Amino acid sequence: RAVRPGDLYVALPGQHAHGASFAAQAVASGAVAVLTDAAGAADLSGLGVPVIVDADPRAAMGELAGRVYGNPSERLEMFGVTGTNGKTSTVFLLEAALGALGRRVATIGTIGFRIAGENVATRRGTVTTPDAPDLQGMLGAMVEEGVESVAMEVSSHALALHRVAGIAFDVAAFTMFGTDHLDFHPSLDDYFEAKSRLFLGGRTRAAVINIDDPWGRRLADLVRADGHARLITTGVDSAAADYRVTARATGADGRSDVTLRTPDGEVIFTISMLGDFNVFNALTALAVVGAAGLDVAKAASGLASAHVPGRMQRLDLGPSAPHVVVDFAHTPQAVEAALRALPAGGRHLVVLGAGGDRDATKRGPMGAAAARCADVVVVTDDNPRSEVPEDIRAAVLAGARGAAADGVRVLDGGDRRSAIAEALALAGPGDWVAILGKGHESGQIIGTQIHPFDDALVAGELARRSL
């Protein structure tokens, strides 16, 4: 449908059909050649245009897309961030740090695409890392807009599907590793192997790796053995880390003053985002800056005012309302980290669901993590997609009830609006309500329809109604 005269049509195998089935339609729209695999080529005799056969056309597509747009990544400072959690926040913090150095920065990731802090409209949805033709086209446009540095999230899907083929990164960073995406990857080892590709074989000049994480230590060993990338390590608990947080003082408002040991000396900075994990995300961002040979102390000054939509986003609902935080946490590890980041004082309530048509193995553990860390757990719908919402909730509820200690309430809150309303009604001034799972998303997928739904807007509306 997107083919224009003069285009190369790439016919890829899909879940339900092979792209070669639509090659004649693409040629009729003006495609001058087709790239496909042997299975696709078998049905393309008599097409009237050259058919290029490659064992892995998806990988070839990335290299070719780079050529089409003049290999824009070679004219940009490219920073990639991967990990189960923390990618989006680290990219935003890196944007703030590079901005403090006077760089014109662009970002690519789950929340969207930005140039110099301004959102850029695109036809793409919230895919973390776009397909290679879209990504290379976007990088080409960024070059035209005078961008100097690009900070981008690199998902395991992107690496497995060669979406970043044709891009050489200046620095790649690994935040942490946990259970996720087992609906796509057959095992945790396969998931880890996909992420490790970003750091091996010359894909990046420098690798910034969290060695507090056991998977990070495993990755660091792989990088050393591979020999292509310069290794820079980060940590809080690991005394041998190149970049290490050595002290942190957090005020009642959640702002943290952090002391960071670097290879070039001590740096002290402030971060206003809640949670130990955001201190670690800031550590990662500054280590990336250092790995690029830039001024870490000056970059750190940009972190004090950095914030990320839908990532530990605090809502001001008025003096008589509870404190409310909206976050994207949708793995057991992220749920626990988000709830443990809430300041002490008052009760902690959580609104939580799990997505349909996605990794079902994490639903019970997500509920269990919530019950271990909150006083009240209100289970609700996330994006149920084609599944029955009650069935998804039942799995999350079972996990929560199995882990709940005496005094912890676990409730079925029903649909998302009702659940948020129930949590707000149960909470009083001084309590904290964490609404987890959807973060920045402005829609809820029920069946095949996307219904308008923004957690922050709905919470604000419900709070105003109760006044």
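Arginine 163 counts as buried, at 13% relative accessibility. In this predicted model, the side chain of arginine 163 meets that of aspartate 131 in a salt bridge, 3.1 Å from N to O. Because arginine 163 lies in the loop between α6 (156-160) and β9 (169-174), and aspartate 131 in the loop between β7 (118-119) and α5, the pair ties together parts that are 32 residues apart in sequence. Aspartate 131 is partly exposed, with a relative accessible area of 23%.

Helix α5 covers residues 132-144. Its 13 residues reach 18 Å from the first C-alpha to the last, close to the 18 Å expected at 1.5 Å a residue. Among the buried residues of α5 are Leu135, Met138, Leu139 and Met142, along with Asp134 and Gln136. The buried residues of this helix pack against α3 (57-68) and against strands β4 (77-82), β5 (105-109), β6 (112-115) and β8 (149-153). Just after α5, glycine 146 takes a positive phi of about 80°.

The structure holds 18 salt bridges. One of them joins aspartate 221 and arginine 224, at 2.9 Å from N to O. These two residues are 3 apart in helix α8 (residues 214-226), so about one helical turn separates them. Aspartate 221 is partly exposed, with a relative accessible area of 47%.

Another salt bridge pairs arginine 347 with aspartate 431, the closest N and O atoms being 3.2 Å apart. This pair links distant parts of the chain, 84 residues apart: arginine 347 is in the loop between α11 (332-340) and β17 (348-352), and aspartate 431 in the loop between α14 (416-426) and β20 (432-436). Arginine 347 is partly exposed at 33%, whereas aspartate 431 counts as buried at 9% relative accessibility. Glu336, Arg340 and Arg372 are linked in a network of salt bridges.

Definitions and conventions. Residues numbered from 1 in each chain as written. Predicted model: local features only at pLDDT ≥ 70, side-chain atom pairs only at ≥ 80, totals over all residues. Heavy atoms only, no water. Helix = DSSP H or I, 4+ residues; strand = E, 2+ residues; numbered from the N terminus. Expected span 1.5 Å × (residues − 1). Buried < 20%, exposed > 50% of the residue type's maximum accessible area, 1.4 Å probe, protein only. Contact = heavy atoms within 4.5 Å. Salt bridge = Lys/Arg side-chain N within 4 Å of Asp/Glu carboxyl O.
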